[in-house]
Amino acid sequence: MIILAGCGASPAAAPATTEPPAAPSATPLSEEAALLATMAANAPSPAEATPTVPLPTPFPTITLGPTAEPRPLPEGWWDTAVCYEIFVRSFYDSDGDGIGDINGLIAKLDYINDGDPTSGSDLGVDCIWLMPVAEAASYHGYDVIDYYTIDKDYGTNEDFKRLIEEANRRGIRVIVDLVLNHTSSAHPWFISALNDPSSPYRDWYIWSPVNPGYRGPWGQQVWHRSPARDEYYYGVFVAEMPDLNYRNPEVVAEAEKIAAFWLNEMGVDGFRLDAIKHVVENASEQEGTRETHAWMRSFEAAIERIKPGTFTVGEVFGGRAGSLVPYYPDQLDTYFEFGVAEGILRSANTGAPGPYLTAVEEALTRLPYQRWAPFLTNHDQERVMTVLGGDTGKARVAAIALLTSPGLPFIYYGEEIGMQGTKPDELIRTPMQWTGEPGAGFTTGSPWQAPQSDFPTVNVAVQDADPDSLLNVYRTLIRLHTTRPALGKGDFTALNATGGAAAFLRRSGDDTVLVVINFSANPLSGVTVSTRKSGLDPGSYTPNLLFGSGNLPLLTVGSDGSISAYVLPDIPPQRALIVGLGR
């Protein structure tokens, strides 16, 4: 099944117009000819008495030179943060209309983080990522029609500003989805450009007098017949989402204006940038072009001028260590690391630690440290509990691996209680399951989408009362990640472990943590860990069990930094030992 990154399954219809003439057959062109056709798209035919529209102004072609010295992220809130992805439409409905809204999210902020680090009754995350909240044509929000207004289903701009105030009062940072690759076909810019060749917005989109004939990265149609005249426009995802033309400096300036609005007027702390590998196409080269990297450099620099310290995370769908390398060192702050996500899930499903350790080691070797974001699944993928076959033990060990790994972890709402969901997209974005009452405690009305059928037994209320529930495992792990510098931003040293366990040390300054994970469905007995070079100073270390159970002996580090056959207590199936090491 093809997955459209960041795009929903039910886009809005294209603007209604008169019936177009019959479409001519596609004319296959060379890449060079296709690019020229694209650049010349706004030139009227001799038979048309329409004003001449300037050709697009391209960025200069930039060849990426030798990689600059990777820059570490400056110290900031992201160092030890955990982020929580929220689809506002499905989180909590405050007014009974069946649609989640901003005021509903405010009402549930204490579930996310109540501002009291000692309470233990909240998740404890200190960052939320909101899927698109601007006015859009479709339920998912990835086809924007007004970048400067909160979607009317969600509330008002003033509601959003109050959300920011309430979140910041609890120590929660807010980042929002910024969808800049394309707009909705119902956006006033596109409607104007479509219907008027002399429109000031004409060159904000990409046009061609003929169908260039090439298809998209996953074989999809990307040139769409105009419903207004005999021409085509480019949209890498679907016809209802026409791509913006970032070869036009006016579009570049508008993107920066939009960012400034959300940072200065609305008060957000950063952005998740959607579909960034598609921003600037070069004819049939439609992913990760040199022009795209050039634009991202300029956009990141502009954001830093607008509001220093703004955090950015990019979605390069399917991106893993090798394919992410060109996006560093001087573009966005961090990127989602799909390879680590896949490694965690494969290890959780098979019980073998190899896929997880290999993926983490590859990311550590090839990417700048701490500048990548691990996760399990997101709003474009089947939910993690579905991928893991509904097995709570597998979900628990996946959570352990995620929240003890390097990088800034992201959690998809409902993941912490084991919500399930499979395609189509609406069914992986269903309402949050708060209680077993009708409507799953999400709404007093009729929900926009029915909750999953297991909501009577899989919900926050049930798991809140169970100390061994998946929810409470997440709460414990999140607190460890956000309060132990070693787990939040420490280095990573893999250890040799017997019995099929995954073992590693994390260290930041004086804080050192040993993690030993049993991915398998069987208990592990007599596990030992060892290494020739631990990176620790020689001497004895007193273990402090932070997660798990059992009695641990002193850990001795040799004069050469080695650890020899350190014996661990039994590790139950799909569980772990997380151990603080003190001198």
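This is a predicted model: local features need pLDDT of at least 70, side-chain atom pairs count only at pLDDT 80 or more; totals for chains, interfaces and linings use all residues.
Local features need pLDDT of at least 70, side-chain atom pairs count only at pLDDT 80 or more, and totals for chains, interfaces and linings use all residues. Residues are numbered from 1 along each chain as its sequence is written, and side-chain values use heavy atoms, with hydrogens and water left out.

Me: In what order do the 3 strands of the open antiparallel sheet stand?
Reply: Strands are DSSP runs (E, at least two residues) and helices likewise (H or I, at least four), numbered from the N terminus. Two strands pair if DSSP finds at least two bridges between them. Strand 6 (207–208) and strand 7 (223–225) each have a single partner strand, so one side of each lacks a neighbour in the sheet. The order is 6-8-7.

Me: Which residue in strand 8 is the bridge partner of Arg 225?
Reply: Strand 7 and strand 8 (residues 232–234) run antiparallel and are joined by 3 bridges. The partner of Arg 225 in strand 8 is Tyr 232.

Me: Are the residues of strand 10 buried or exposed?
Reply: Phe 311 and Val 313 point one way from strand 10 (residues 311–314), while Thr 312 and Gly 314 point the other way. In a regular strand the side chains alternate between the two faces of the sheet. By relative accessible area (1.4 Å probe, protein chains only), buried means under 20%, exposed over 50%, and partly exposed in between. All four residues named are buried.

Me: Which residue in strand 11 is the bridge partner of Gly 314?
Reply: Strand 10 pairs in the parallel sense with strand 11 (residues 334–336) over 2 bridges. The partner of Gly 314 in strand 11 is Tyr 335.
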